[in-house]
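Before you set up any calculation on this model, here are some notes from reading through its fold, its packing and a few individual residues. Please go through them with the coordinates open.

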Amino acid sequence: MLVNKVEIPPPVSQRRLLIRPGAIGDFILSLPALGHAAVAAFTEIWTTETNLPLVRFADAKRSIIASGLDRLGLLPAGDVIARLRQFDSIVSWYGTNRPEFRQLIADVGLPFEFHPALPPEGAAVHAVDYYCAQVGAPRGAIPHIDVGPVEQHNTVVLHPFASRQDKRWPCVTGFSLSSVNLVKLRGPEERLPGALYIPDLFELARFLAGARAYIGNDSGITHLAAAVGIPTIALFGPTDPAVWAPRGKKVKVIHAAEIAAIPPEAVLAALSDFGIY
């Protein structure tokens, strides 16, 4: 007698902890992998204080600093170990560069699964796919942040900053638009007269979602704009867009080896392709 073979899925972890350090862009590029790894009866995530507002898919969240994780292997941390023992599965992008941390984890027998926090130099794979492969998620995912209904405003948002000077498009001062308002953004440590600063990343995401388009450098805020689904123009210089470009159905990447070589006309043409000029 033939009997159909039934695939029995592995048991879902009852309590899972995800630990994801990193900058804004790294975190957003990790969202599909984090969402895949978050399938559990209870999921908690520890990340940077800045990224916490973007965590909408977990049952609980905590900043890495508040968790005391940095004390492990360096200072007394019995309370942190006791907290970690509450989880039966821990997926961590934290600890790759801390051998004393990994050794302590092995010594106390905590259920950690470690992954590198960044793709290796010269990686021939997009960062989203790299992170997804680490947790067994399918390739080709698009990071998405659901911000709910938002107020629409007739603006194009320009974020002229990035982590390095050679990633910053220098044509910001004279850039202007005639048909829509141009709103410039800044971060907490950046100075630009008249620029808008929204400290909470989720509130910033909601503001971006109401704009007609966004222009920005290779930065976390550019990934945020792409993740809320608005037309996004990403300006790339020395970093490889094949690995680090934001993903989305409404993303256009303009790349030059030196970002200063990108002419304003190329940005205006990209806006025109989106029906804005």
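Helices and strands in this note are DSSP runs, of at least four residues (H or I) for a helix and at least two (E) for a strand, numbered from the N terminus. The model is a predicted one.

1. Begin with the end of helix 8, where Gly229, the residue just after the helix, takes a positive phi of about 95 degrees. The helix itself covers residues 220–228, and because nine of its nine residues are buried, it is largely enclosed by the rest of the structure. The buried residues include Gly220, Thr222 and His223 as well as Ile221, Leu224 and Val228.

2. The sheet that I would look at next is open and has five strands in the order 7-6-8-9-10, paired in the parallel sense. Strand 7 (181–184) and strand 10 (251–255) stand at its edges with a single partner strand each, so one side of each is left without a neighbour in the sheet. Direction ignored, neighbouring strands here are turned by 20 degrees against each other on average. Helix 8 packs on this sheet, where it touches strand 6, strand 8, strand 9 and strand 10, and its direction makes about 155 degrees with that of strand 8.

3. Strand 8 (residues 213–217) and strand 9 (residues 232–236) run parallel and are joined by four bridges, with Gly216 opposite Ala234 in strand 9. Strand 6 pairs in the parallel sense with strand 7 over four bridges, and it also pairs in the parallel sense with strand 8 over four bridges.

4. How many of the residues of strand 6 are buried? Five of its five residues are, which leaves the strand mostly covered. In a regular strand the side chains alternate between the two faces of the sheet. Here both faces are covered, with Thr155, Val157 and His159 buried on one side and Val156 and Leu158 buried on the other.

5. Within that strand, which spans residues 155–159, Thr155 deserves a separate look. Its relative accessible area is 8%, and because the cut-off for buried is under 20%, Thr155 counts as buried. The side chains of Thr155 and His153 are joined by a polar contact of 2.5 Å. Leaving out residues up to four places away in sequence, Thr155 touches Asn181, Val183, Ala211, Arg212 and Ala213.

6. The largest nonpolar core has 48 residues, and those with the most contacts inside it are Tyr131, Ile145, Val147, Leu208, Ile221, Leu224 and Val228. At least two residues of this core come from each of several elements, among them helix 1 (24–29), helix 6 (127–135), helix 7 (201–209), helix 8 and strand 9. Apart from this core lies another, of 20 residues, including Val172, Ala213, Ile254 and Leu268. As for Ile221, its contacts, leaving aside neighbours within four places in sequence, are with Ile24, His159, Leu185, Leu201, Leu204, Leu208 and Tyr214.

7. The structure holds six aromatic pairs. One of them is formed by Tyr94 and Phe101, which are edge-to-face at 5.0 Å centre to centre with 75 degrees between the planes. The rings of Tyr130 and Tyr131 have centres 5.7 Å apart and planes at 65 degrees, so this pair is edge-to-face. Tyr94 counts as buried at 10% relative accessibility, and Phe101 is buried with a relative accessible area of 0%. Tyr130 is buried at 17%, while Tyr131 counts as buried at 0%. Ring pairs also link Tyr94, Phe101, Phe112 and Phe114 into a cluster.

8. Is Arg83 buried or exposed? This residue, placed in helix 4 (residues 78–84), is buried, with a relative accessible area of 19%, and because the cut-off is under 20%, a reader may wish to keep both values in view. Not counting residues up to four places away in sequence, Arg83 touches Trp46, Arg62 and Ser67. The C-alpha atoms of Arg83 and Ser67 are separated by 8.7 Å, and the two residues are 16 residues apart along the chain.

Definitions and conventions
Residues are numbered from 1 along each chain as its sequence is written. This is a predicted model: local features need pLDDT of at least 70, side-chain atom pairs count only at pLDDT 80 or more; totals for chains, interfaces and linings use all residues. Side-chain values use heavy atoms; hydrogens and water are left out. Buried means under 20% relative accessible area, exposed over 50%, partly exposed in between (1.4 Å probe, protein chains only). A polar contact is a pair of N or O atoms within 3.5 Å; within protein, one must be able to donate a hydrogen and the other to accept it, and residues adjacent in sequence count only if both atoms are side-chain atoms. Contact means heavy atoms within 4.5 Å. Two strands pair if DSSP finds at least two bridges between them. Axes are lines fitted to C-alpha atoms, for helices over the stretch in contact, and angles run from 0 to 180 degrees between N-to-C directions. A nonpolar core is a set of buried Ala, Val, Leu, Ile, Met, Phe, Trp, Tyr and Cys residues joined through side-chain atoms within 4.5 Å. Rings of Phe, Tyr and Trp (its six-membered ring) pair if their centres lie within 6.5 Å; planes under 30 degrees apart count as stacked, over 60 as edge-to-face and the rest as tilted.
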